[in-house]
Amino acid sequence: MSRARISIDRNFTIGEVPRRLFGSFVEHMGRCVYTGIYEPGHPEADEQGYRQDVLGLVRELGATVVRYPGGNFVSGYNWEDGVGPIDQRPTRLDGAWHTVETNAFGLHEFVDWSRKAGVEIMEAINLGTRGVDAARELVEYANHPGGTYLSDLRAKNGHKDPFNIKLWCLGNELDGPWQTGHKTADEYGRLAQEAARAMRYVDPDLELVACGSSSSSMPTFGAWEQTVLGHAYDEVDYVSLHAYYQEDEGDAESFLASAVDMDYFIESVVATADAVRARGKHKKFINLSFDEWNVWYQRGLDTDDQPAAVARAGWREHPRVIEDKYNVTDAVVVGTLLNSLLRHGDRVSIANQAQLVNVIAPIMAEENGPAWRQTIFHPFARMAALAKGRIMRTAVDSDKYATTRFGDADLVDVSVTWDEEAGKVALFLANRGLEEAADVEVSLGGFDAGQVTRSEVLQVPEGRDRFAINSQADGEQVGLAPLSGVKAVGSELRLTLPALSWAVVEVEVSKA
Ligand code: AHR
């Protein structure tokens with residue numbers, strides 16, 4: 001049995017939980033839109049073609065903000081193709097994912113879907129093949145009340161009232177050589193600056209995200225952020241980060257410590273943004289938008305849904321692309337990545353798990369078939385529901401284990417929130433130990449613990465191994481079960497985390 005001692009104190013809080021931390025992402029990619037959220041003709045489709053089984057799961061997941069329409073897709077996308085009568089919209093080739101795009105689903109459809117799902121929209125503009133003009137026109141189309149050509153066109157196309165989209169991404173991953181219209185940091189920084197200005201001339205109330213690095217391993221990481229913010233610091237509010245993790249053959253230990261890399265990435269971008277702030281004598285802070293993150297098996301899979309195989313198969317409408325099947329280990333890692341985001345909630349204001357349905361997603365949906373929760377659904381849904389109020393500073397004294405990629409890492413990982421109104425503290429815990437359970441003591445400084453109102457665990461199911469998944473054939477075998485034996489006495493909590501597990505514990509608290 002390993003041991004960990006976690007200490008929090010009523011007086012040591014980091015800030016409010018940013019609700020936008022529980023964001024997701026819908027890209028025109030694979031089957032995320034078509035046969036994912038939208039499938040006219042499906043038995044569960046409503047009158048607009050939205051799958052209600054999927055909408056139900058999206059609400060249960062608790063996503064708060066959804067980024068759209070890409071991703072790599074947006075860097076070659078004409079937003080005009082996706083508005084107006086559906087039968088008059090052009091069919092185009094999407095080079096990013098080697099797919100035939102019918103444009104049957106576009107901005108109006110996404111706005112309507114978002115309202116049904118109860119999520120805020122985070123709209124990305126194309127700064128790959130397009131620029132300032134298309135950006136300002138899209139803002140006018142979406143947000144201007146009326147009386148101009150574009151706002152009247154929106155009304156003619158079915159939405160008299162403006163969409164009032166506040167949050168915008170200035171392009172996608174333009175540091176990446178794979179991106180359509182890839183740019184140098186100087187080229188992108190200037191373009192983002194000018195696009196931002198022109199967009200704000202139309203609507204001054206926008207919140208704008210500049211592209212940061214596509215991962216912390218990009219050769220330009222650090223320098224990119226410095227140069228881009230050097231140009232556009234005054235014009236933007238956030239800088240983006242993207243990161244995907246996977247288990248490499250024989251190195252589960254490093255994979256389980258992926259959040260160590262996420263911590264490093266976040267702290268490095270904060271330091272870079274603050275250095276630009278100091279150098280430019282700026283007053284405001286630039287916060288972070290971690291607008292793509294997840295587990296994604298990019299290496300080592302040889303399946304028909306891998307991008308190279310999809311391209312070899314020729315041009316098709318909504319082929320299966322990167323439909324990763326997530327196991328127990330992946331869910332534990334997702335829980336720790338959420339912990340990292342929450343622990344940095346004073347500077348990470350927005351985060352979007354990529355993606356929402358079918359494509360590296362917590363929700364799967366078969367064409368003309370059922371929808372179900374992947375393993376990674378559970379930590380996200382619980383945290384989105386229970387992480388409320390303030391983020392607590394945590395001091396963790398945990399036994400450690402060795403990893404090849406990230407040195408020694410804590411076996412027990414945690415984030416904690418305190419909802420003062422509800423009088424509850426919620427702890428989100430993971431045990432990275434593959435073999436050993438962990439004995440955990442929590443000191444709730446300044447609080448008296450009352451009743452434990454929730455204690456649940458996601459672990460390897462009885463008789464299965466850590467590669468257990470949920471699937472259409474086998475059903476939802478991996479889910480949350482009660483975590484027994486959680487004890488609260490005075491200002492102390494004691495619990496045992498099974499080997500390789502993710503858990504949530506919620507306890508009533510009063511002032512000590
Ligand atoms: O989410 C899948 C892809 O990953 C996105 O299109 C792109 O932005 C990133 O590289």
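Visitor: Is Phe221 buried or exposed?

Guide: This is a predicted model, in which local features need pLDDT of at least 70, side-chain atom pairs count only at pLDDT 80 or more, and totals for chains, interfaces and linings use all residues. Residues are numbered from 1 along each chain as its sequence is written, and side-chain values use heavy atoms, with hydrogens and water left out. Buried means under 20% relative accessible area, exposed over 50% and partly exposed in between (1.4 Å probe, protein chains only). Because its relative accessibility is 17%, Phe221 counts as buried.

Visitor: How many aromatic pairs does the structure hold?

Guide: Rings of Phe, Tyr and Trp (its six-membered ring) pair if their centres lie within 6.5 Å; planes under 30 degrees apart count as stacked, over 60 as edge-to-face and the rest as tilted. Trp79 and Tyr141 form a tilted pair, 5.0 Å centre to centre with 50° between the planes. The number of aromatic pairs in the structure is 16.

Visitor: Which kind of aromatic pair do Phe221 and Phe265 form?

Guide: The ring centres of Phe221 and Phe265 are 5.2 Å apart. The angle between their planes is 85°, and the pair is edge-to-face.

Visitor: Over the ring of which residue does the charged end of Arg67 sit?

Guide: A charge sits over a ring if NZ of Lys or CZ of Arg is within 6 Å of the ring centre and within 35 degrees of the ring normal. The charged end of Arg67 is 4.8 Å from the centre of the ring in question, that of Phe25.
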